[in-house]
Amino acid sequence: MIKFVLMVNRQGQTRLSRYYQPVELSRRAALEADVVRCCLSRKKEQCSFVEYKDFRLVYRQYAALYIVVGVSDAENELSVYELVHNFVEVLDKYFSRVPRHQIMFNLDRVHVILDEMIQNGHVVETNRSRVLAPLTALDKMADG
Amino acid sequence: MKELMVRAIYCESLGYEASFSYIHAIKLAQQGAGLEKRVGYLAVSLFLNENHELLLLLVNTVLKDLQSTNLIEVCMALTVVSQMFPKDMIPAILPLVEEKLNHPKEIIRRKAVLALYKFYLIAPNQVQHIHNKFRKALCDKDPGVMTASLHIYLQMIQENPEGYKDLTASFVTILKQVVGGKLPIDFNYHSVPAPWLQIQLLRILSFLGKNDQSVSELMYEVLDESLQRAEMNHNITYAILYECVRCIYTIHPKSELLEKAAQCIGNFVLSPKINLKYLGLKALTYVVQQDPKLALQHQMTIIECLDHPDLIIKRETLELLFRITNAQNVMVIVEKMLEFLRVSTDDYTTIDLVGKVAELWFIETMNTVFSVGGDMMQPDIPNSFLKLLSEGFDCVEDDRKLRLFAVDSYISLLHGEPGKLPQRFLQVISWVLGEYSHLREELEPASVLRLLEKLLDMKQTSSETKNWVLMAMTKLCVGGASVSVAQQVSETYISSMDTVLRQRAQELQHFGQDSEVRTRVLPRDTDLENTIFDVDSSLSFLDGFVSEALAAGAAPYKPPHQRQEELAQAKALSLEPYGLSLPISMSSCSIADRQSPTPLSMSSGLSTTLKLDGVKRVWGREGYLVQRESVEETAQVEVPSPLRSPSQQAEANGSHSQTPTQTPTPEPEQEKQQLAASLFFGLSSQSSVCLMGKSGPTSHRFRRKAKGQGSISGATEQTSKTKLNDSDIKGSDPSLSEDSGLVAADSEDMNPHEDPERPKDLCLSSHLPAELSGLCHSEISPLCSIQSLDLSACHVQKDDSLVLVIFIQNSSDSAIRQIPLDLDSDELEVMYYVSRVSDSPVEDVRSHDVAVYQYSLTVKRPSVHVEVVGTVSCPVGTPQTVRFSYKLPLTTFIRPLTLSTEEYGTMWLAFSHDTKQNLTLISDDPEPLTATLSVLKRKLQLHVVEIIGMEGILACRLLRDRPCLMHCRVHAGALAVWLRSPVPDLPDCLIYHCQRALQED
C-alpha cells in the first residue's frame, strides 16, 4: 500500500506532496526533509529502494526532479517504481508542449492526474488516456 | 480565486499551515465551475482530513453535483467522495452513488465503484446490502469498472477468504484473459497488458488459494502461463513475476510450479540490476520460509549480497538469513547482524530497527541456550557471550541498549525462580549484573545485591557460582544500603571453608569500606582494548622483588608443572596455605610455554605433512587469539598493586614464614594473579576455569590426608603394606579369579583377623564379580573401618567403562542389615552398577561375609586425580557415620582412540581447548620420537595415529567418548606437545600425566 507521494527538486524543496495516510501538517516537513535526505544521498548505482523507519521508499529521478513514494513493507517495490514512471509518462503526454521544469507551475493539474491514478493508497487507473480523460474534458469546457 | 487556492496548496505542501483558506476551498468547490470547481475539491481533499468539521459543509455540494446533468461535475463529486467523506453522511448520498453503478458511461460507473470501495473502507456495514452489485461490477463489460471492483474484492477476501471461494474461477478467467492480451491495447504499459491489474489479481488469488488445495488447483494453469508469458525483459514484467512467485509459494504447493518459480527467483538474484537483486532477495525471504533448502542453491549469491555496498541489499539479506536461522547457524548470523550494525552507525533509524531485532533475539536466544544447555555446555560459550557483551561494538548507544536489555531480562529472571536456572547461567547473570546493572538508573544497587544474596542462600548454588556472585557484589557495593548488605554477606562467607570464597568475601569487605580503592581496582566501563596496551606481560615490575627474594636465599621460580611434580613426589608436604595458588599460576605459566613452539612454524609444518585442509588459516588465527588471550590474562596484574592491603600482606608474609620449603618468588605473583583472575573472572575462559577445575586435586589431597589421619588411623600403614602385594594381585592370577565362586563359598569360614594381610586381599579379590574377574584390576586398598565392618575398594578398567568395586567385610558374628552407603564426587558421575551376579544393592552382610558393591564411574570434569567420597554408617549399636575417599588418576579413564589421519585433521580443527608444553624426550634411543611415543602408548593407553618424520599424532578418549588429540614434534631436543580437546581441562590434566609417565620411565 502506498503511504505518500512526494515530488521534490534537487535542493530538497517539496513541489508536491500527497499523503494517503493522515500525517499531521507539523510533522510532514520534518518527515519530508528526512526522506529527501535519504534519497538524495544515494548514488545512481545504488538500489532505488530505501528502508526508512518501518516502511520503504521507492524513488526515481527525472533530471532535477525526484519522485519519492513511501510504501508499506508488503508492497511490490518494483511495481511502484514502474508506476512512478507511468505517472511521469502521463504527465509527459499531457504537458507535451510544456518543459518539465514548468510542470510545477501547473500544480493543480498534476494533482488531478495523480488523483486519477492513486486513491487511498491503491493504484486505481493506469490507462493513460483514461487517466487524462477528466482533465482534458475540463480543459475543453474552459476553452469553449 | 483558483490561483490563490493553488498557492495555498503549495504553502501547505511547504509545511506552512493555511487553515484560513479551508473555508474558501469549500466555497470554491461550491461556487466555481469547471476547473475552478475541481481545484476547490482538490484543495478540500488535500487540506481536510476525514474528521474535519468543515467537511460537513461539503456534503450539500457533493449531493448537488451528483445530481447534476453535467457528467464532469458528477465525476468530480464521485472523485472527492472516493477520497474522503464524513462517515455519518454516507446514507445521504449512498442511493445516488448506487444509482450511478448503472450509468451508461464507464468512467461514472468506475468512479461509483471506487466511491463504494471508500464507503466499504470507512463503514463496511453500510454497504453490506449491495454486495451483489459488486459482483455485477466485477462482470462489467468495461475492464476499468472490473478493475475498480477488484479493490473491494481484495479487501473483502483478505478479511474473509472463505466467503469468496466461488469467485476463484472468475478471477482466474479474468487473469487468463489479461495475460492472453484480450484487453484493449491502451491498457498496455510498455506492451505488457495491464500489469497492475495482473498484480492485483495475483494478490487476490494468493489469498484465495492459501491452505486450500482444491481452489489452488484452479490456479495452477494460469500461474504457469503467467510465468511463461512474462519473459519480456522489462522491470514491470519482473514485478509481475515477483507477485506470481509469491502467489505460487503462498497457495497450496505444486512441485512443478515451485521449481519453475525457484528458477525464476534465481534469475532475479543473479541479475546485475540492483533493483532486481533486491526484489529477488525479498522473494527468497518469502520462499525460504516454505523451503529453506532453496537458500542453499543461492548461498554464494547470498554471501555476496551480505558484503554488498548497498545497505538495503545487506539489510534484505539479513532478513533472509533471519528466516533461515537455526540452532547451528545462529551465532554466525548474529555476528553478521552485529557487523551490519557496526557499518550503519550513521543511519540512526536502521540501527534502531536492526538493533532491536538483534538485541531481543540475541539475548533471548542466549537465555534459552543457557537455560536449556545448562551445565552441560562448554564453558567457552558463556565466556564468549560475556566477552561479546563487554567488548561491545563500535556504537556506544547500541552497547548500552544491549547491556541494558540483558540487565533487565536477568533481573526479571532472578525475580522468578532462580533455583531452576543452571549454574553457568547464574554465573553469567551475576557477571552481567555486576558489570552493567548501573546502566539502569532507577535500579537500586542494594536491591540487586539482595537478589544476588538470594542466590547465595540457595542450597543448590555451587561454590563456583558463589564466587561469581560475590565478585558481582564487590562491583556493586556503592552507597549506604548496599554496603550493609555486602558486609552482612561478607561476614557469612569470610569464615567459609572454601579458600576462594573466603578471598572473595575479604575483597568484598575491604572494597565495601574503602570506595576509593574500589574505584581504582574496579573502574567502571573498563575498556579492555585500552588496558591491554599498558600490560607488562613479562611482569618486569616484579623483578626487584624477585631479585631481593633470591638474594635472601629463596629458591628460583619453578613453573607450576614442575612444582606440581615435586609436590606429587613429596606427598608429605603440607599444602594448605597454597591450596589455590597452584592452579592459577598454572594458567599464567602456560602462556610462557605456549610461546616457545611458535604457532606459525607448527602450522606450516603440519599443513605440509599432514595435509590438513585449511589448517594454516585457522591455526594462524588461533595462534593470534591465544597470544591475545594470554595478554589479557595478565592484563590486570598491574592493577591490583595498590590494593595489597596491610592485612593481606601480613597474611602473605605469615604464610611465607610458615612454609620455608616453598619457593617464595611466585607467591606475591600468585596473589596478584589470583586477583587478576578474579577481576577477570568470566572474561578469559582459561584462567577462571583453571581456577575452579584445578583446585580440585590439591584440596582433595588435603582432605584425604586429614581423614586418613582422623578417622582411620593406621590406614596409611596398611596402604604401604598392601602395596607390596600390589604386583601379585594386579597380575591377576586367572586361575584364582576364575574359580572365585569356590573361594567365595569357602570364605565364610575364614576369619580375616587371623591372617590380616595377604589372605584378606586374596579373598577379597575372589569376591570380584565374575565378569570383572578376568580383567585386570588395581590393588585392593582399604578405605575405612566402622565397628565390625571393613571397607575396601579397587577399580577395574573395562574397555568402555571404569568400575569401582567396594567390598564390605563383616567381621562380626552377626549379620548386619541394610548398610547405607553413599558415594559422591565433584569430578565424577557415580552410578550404581547392577550386574547380573548381584542384581540388587546389597543391603545386608552375613557374618564373616563380604558384600560387593559395584559402581560405574564417568568423568564429569577432568582433573589430574579424581576422587570419590563416600559415607557409610553402621546400623548396629551406636549410630556412627564414617567418611572415606578413593582416589584415582585420570589415566584410568583414558582409552585409546583409533582414528585415521584425515579424521584426526578434521577433529583437530573442531576442538577449542588446548595446551602446549615441552616434554623431555627419551634421548638414549636411536629413534627418540618413536620411543617416547611408545612409552606414552604403553603407560597412558594413547593411540599413535601416525608418525611422520619429526612429528607424531596421537589420540585418546576420555571415557566414554570424549576425544583428546595430541600433536608432538621434536624441537630442540625436547618434545613440543600440543593437546586439543573439546573438554576443558582435559589437555592440561593429560599433559601432566604424560610428563609423569616420561619421567618415571
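Is B:C139 buried or exposed?

Modeller: Happy to, with the reminder that this is a predicted model. B:C139 is exposed, with a relative accessible area of 63%. B:C994 takes part in no disulfide, and the nearest cysteine sulfur, which belongs to B:C968, is 7.5 Å away. A disulfide needs the two sulfur atoms within 2.5 Å, so a distance of 7.5 Å rules that pair out. Over all chains, the count of disulfides is zero.

B:C874 is another cysteine to look at. It is found in strand β11 of chain B, which covers residues 865-874, and at 3% relative accessibility it counts as buried.

Chain B has 45 helices and 18 strands, and of its 1001 residues 57% are buried. If you take the contacts in chain B between residues at least 6 apart in sequence, 69% of them join residues at least 24 apart. The accessible surface of chain B is about 43,000 Å², and carbon and sulfur atoms account for 53% of that.

Next comes the boundary with chain A. Here 62 residues of chain B are in contact with 52 residues of chain A. The two chains bury about 5,200 Å² between them, with 53% coming from carbon and sulfur atoms. B:L35, B:W196 and B:N275 supply 12% of the area that chain B buries against chain A, more than any other three residues.

Side chains of opposite charge can pair when their charged atoms come close. The structure holds 26 salt bridges over all chains, and seven salt bridges are found across the interface of chain B and chain A. Between these two chains there are also 28 residue pairs in polar contact. Helix α7 of chain B gives the most to the side of that chain touching chain A, with eight residues.

Let me go through some of the pairs. B:R38 forms a salt bridge with A:D115, with the closest N and O atoms 3.7 Å apart. B:R38 lies in helix α3 (residues 35-47) of chain B and A:D115 in helix α3 (residues 107-117) of chain A, so this pair joins two chains. Both B:R38 and A:D115 are buried.

B:E106 and A:R130 also meet in a salt bridge, at 3.2 Å from N to O. Because B:E106 lies in helix α7 (residues 106-122) of chain B and A:R130 in helix α4 (residues 128-143) of chain A, this pair too joins two chains. Both B:E106 and A:R130 are buried, and they belong to a network of salt bridges that also links A:E125, B:R110 and B:D142. A:E116 and B:K111 form a salt bridge as well, their closest N and O atoms being 2.8 Å apart.

For a pair within chain B, look at B:K176 and B:E221, a salt bridge whose closest N and O atoms are 3.8 Å apart. The pair links distant parts of the chain, from helix α10 (residues 168-179) to helix α12 (residues 213-229), across 45 residues. B:K176 counts as partly exposed at 30% relative accessibility, while B:E221 is exposed at 53%.

Notes: Residues numbered from 1 in each chain as written. Chains lettered and ligands numbered in written order. Predicted model: local features only at pLDDT ≥ 70, side-chain atom pairs only at ≥ 80, totals over all residues. Heavy atoms only, no water. Buried < 20%, exposed > 50% of the residue type's maximum accessible area, 1.4 Å probe, protein only. Helix = DSSP H or I, 4+ residues; strand = E, 2+ residues; numbered from the N terminus. Contact = heavy atoms within 4.5 Å. Areas by Shrake-Rupley, 256 points an atom, 1.4 Å probe, with all protein chains shown as cover. Salt bridge = Lys/Arg side-chain N within 4 Å of Asp/Glu carboxyl O. Buried area = accessible area lost by both parts, 1.4 Å probe. Polar contact = N/O pair within 3.5 Å; in protein donor to acceptor, adjacent residues only side chain to side chain.
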